[in-house]
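This report looks at selected side-chain pairings and at one helix packing. Please keep the sequence and the model at hand while reading.

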Amino acid sequence: MRKKSIAQRSIFDVFAEHELGRELKLMSDWLDEHPEVLEGVAADLGRDRVKPTGRRGLSVETVLRCALLKQRRQLSYEELAFCLEDSRSFQAFARLEPACRPRKSVLQACIGRIRAESWERINRTLLVSAQAEKVERGRKVRVDSTVTETDIHPPTDSSLLWDGVRVLVRLLKWAQALAGDTRLTWHDHGRAAKKYDRQIQYGRGRQSQDKRYRKLLKVARATLDYLHEAQLRLEALAVEAQDLADWQGEAVRYGVLLARVIDQTERRVLKGETVPASEKVFSLFEAHTDIIIKGGREIQYGHKLNLTTGVSGLVLDVLIEPGNPADSERFMPLLERQIACYGRAPRQVAADGGYASQANVRHAKALGVKDVAFRKKKGLRVEQMAKSLWVYRRLCDFRAGIEAGISCLKRAYGLTRCTWKGLSHFRAYVWSAVVAHNLAVFTRQRPTSPSQDPPNSGRVHRLEGPRGEFARKPS
């Protein structure tokens, strides 16, 4: 049976007298003060149906702390397993039982079960603690958007067709193994598909490209027909039900995706149609991927994130958007989520120019926001947004600070690219990075007495006043 937490701490749990060791100690202290954050994680890990007998798994507390270590230090699972065995500070933070040294496969299986909803609840608990200790009151917020990419190669129609053929060939080999002595009728067109893909990528001339695409499409359709025929044959044979269900799940998934890729290739290349982004497939392995084009910047493949941060630098909220909605459409949903989190509207809001619109200013002020500042006015007057030009300029300066926060999340917490597979894991990855960031930022800003601060602790002191807002111009 998996324990929720370690009842008795070891006397050998020692954190290094180093900036990182002190930071881990502060993070560990906050987690000890809030054992309720383990409830959601325990429910997620309870889904693996661990038997009451036999060897116990990692405790819920250890799994959560290992996940925070991974995101805080941007470690692979193999590197995390090494650090947990090599570093006494990591062992102390993770609360590993004596002689427990988890392998990378165990860490991946456990950490991957924590859902995005559990991470979001932990973040809400952290924000409540920050509000109680007057680190972040949520009275002045800033909003901006960014993109986190999925772990895929730049998609082209030919490369997607080649991906589909080689995956279906792998499924056909699996089907042949399930069929045993019964010979299934199919041919391996993998080498031909790869050759046509390379010719399309490096070839020139519209007519020759169309000819190669037709050959590649013919090979892809033939492989898809082989898969459908194999599915009918396996259903007629005495194959074990579970093995057949596992194979059919993969076959249906990739068969549908390849059929969509064939359709979009025919429409775009052979018929010259413009295929809407909502109807395109950008990856067979990360089918949830969206195409994101922000202004004149390069095309990105992943999901758009709308982030809200406060005066303290804590990420108050993150909204993972499907598709590529306009920023102006997402301003009010973000503000409403802030009101739901804090029970009241923020006093001042600063946002990028893409969120600007007359309706957004009107609706925000109707909800109780005193000052709204958009970096680009887009026809709005300063008097409509803020009480004075001075307040507007200070809010615009305040908004610029979110760019540094986003840069930190991308460089130090892995939000440039998500390496976890699937949409649910994508959401969990983003929220785990946000929680790790917020926990590190909050513990550095928690109010403590001077005697508790070690020398050269690197503690950040906030320059804003207790209200964290610009109410009037100083005389």
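## A buried arginine and its partner

R95 is buried, with a relative accessible area of 5%, where buried means under 20%, exposed over 50% and partly exposed in between (1.4 Å probe, protein chains only). The side chain of R95 meets that of D32 in a salt bridge of 2.8 Å, N to O, a term for a side-chain nitrogen of Lys or Arg within 4 Å of a carboxyl oxygen of Asp or Glu. D32 lies in helix α1 (residues 19-33) and R95 in the loop between α5 (88-94) and α6 (104-111), so the pair ties together parts that are 63 residues apart in sequence. D32 itself is partly exposed, at 30% relative accessible area, and D32, E61, R65 and R95 are linked in a network of salt bridges.

## Basis of the model

This is a predicted model, in which local features need pLDDT of at least 70 and side-chain atom pairs count only at pLDDT 80 or more, while totals for chains, interfaces and linings use all residues. Residues are numbered from 1 along each chain as its sequence is written, and side-chain values use heavy atoms, with hydrogens and water left out. Helices (H or I, at least four residues) and strands (E, at least two) are DSSP runs, numbered from the N terminus.

## Other salt bridges

The whole structure holds 28 salt bridges, including one between D44 and R115, whose closest N and O atoms are 2.7 Å apart. D44 counts as buried at 1% relative accessibility, whereas R115 counts as partly exposed at 34%.

R399 and D144 also meet in a salt bridge, at 3.6 Å, N to O. R399 lies in helix α15 and D144 in strand β1 (residues 140-150), so this pair ties together parts that are 255 residues apart in sequence.
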